Amino acid sequence: MTFLITLITTMIIDNIVLAGNKGLCSYFGISGKMSSAIGMGLAMTVVSIISGLICWGLHFALDSLDIVYMQTVVYILVIASLVQILEIVLKKFLPTLYKALGIYLPLITTNCVVLALALSLSEMGIGDWQQVLGTVIGMPLGYFLILTIFSAMQDKLKLTTTHRAFKGLAISFITTAFMALAFTGFAGLL
Amino acid sequence: MKIFLSIVLVLGCVGVFIFTYVLNVKTKAPENCPKTDITCAGCLLHCGDRREEEVSIDVITQNMTKGFHDNDGNKEEK
């Protein structure tokens, strides 16, 4: 039950983009095209889940060695290495997917959602494994969900007549703000 | 002992990254694959819509300067 509650909370209620204000850079950058948004969302989800679990395990090692202050450096190295490995695997075994995702793979390293997930997991102990699993799956899926919804909205936004002052990024921010307001309604779900 | 293990852990992570990076560089990309080592000059660019000629820093800078001057007192086109 804890797993399910955490999953819904991190995915919808405390969404990393709308409530956490993280990952906005790639969120606005990639949402221009639906196919790109789905590709980026999938790649992000895979990397986040694997790196989150590795970093959670590494936190115990860092804690026992009294070098928790080094966690950001270690996590970034883990994430970067994982992206490189993912790139190699896709190059070798899934060239079609590599061609589709190629440009977005290196961008995952700089995505703050992955690091935010790793850092938030480091506060959880072994006993909270259900919460860890819920967060690890829910957070990237929440990003994926919002990215896909917003890319569909971008298509509509392109067709609307907007005042010059609000064109482009400004109207995107306003739309996201309204989306965030709408998503607060899900707080009553739990 | 703790200090030694800490150094080993951090250097190990650096080593793993360097190893995977070298391995990735040496792994051949599939044929007809677009280059992925192009510089993203800003996260706010719509990376998915970029074409090769739009990606170079010079072109982006020119476009940004052009856009800046266009907004500077020019009338809105209808």
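**Close-up views of two helix pairs**

**View 1. Helix α4 of chain A crosses helix α1 of chain B in a left-handed sense.** A left-handed crossing is one in which the near helix is turned anticlockwise from the far one by less than a right angle, a right-handed one being clockwise. This is a predicted model, in which local features need pLDDT of at least 70 and side-chain atom pairs count only at pLDDT 80 or more, while totals for chains, interfaces and linings use all residues. Residues are numbered from 1 along each chain as its sequence is written, and chains are lettered from A and ligands numbered from 1 in the order in which they are written. The axes (lines fitted to C-alpha atoms over the stretch in contact, with angles from 0 to 180 degrees between N-to-C directions) of α4(A), residues 71-93, and α1(B), residues 2-26, come within 9 Å and cross at roughly 25°. The two helices (DSSP runs of H or I, at least four residues, numbered from the N terminus) are therefore roughly parallel (under 35 degrees).

**View 2. Helices α3 and α7 of chain A make a right-handed crossing.** The axes of α3(A), residues 34-64, and α7(A), residues 112-121, come within 9 Å and cross at roughly 30°, and these helices are therefore roughly parallel to each other. The residues of α3(A) that meet α7(A) include Met44(A) and Trp56(A), and those of α7(A) include Val113(A) and Leu121(A).

Note on methods. Parallel < 35°, antiparallel > 145°, perpendicular 65-115°, else oblique. Contact = placed C-beta atoms within 7 Å.
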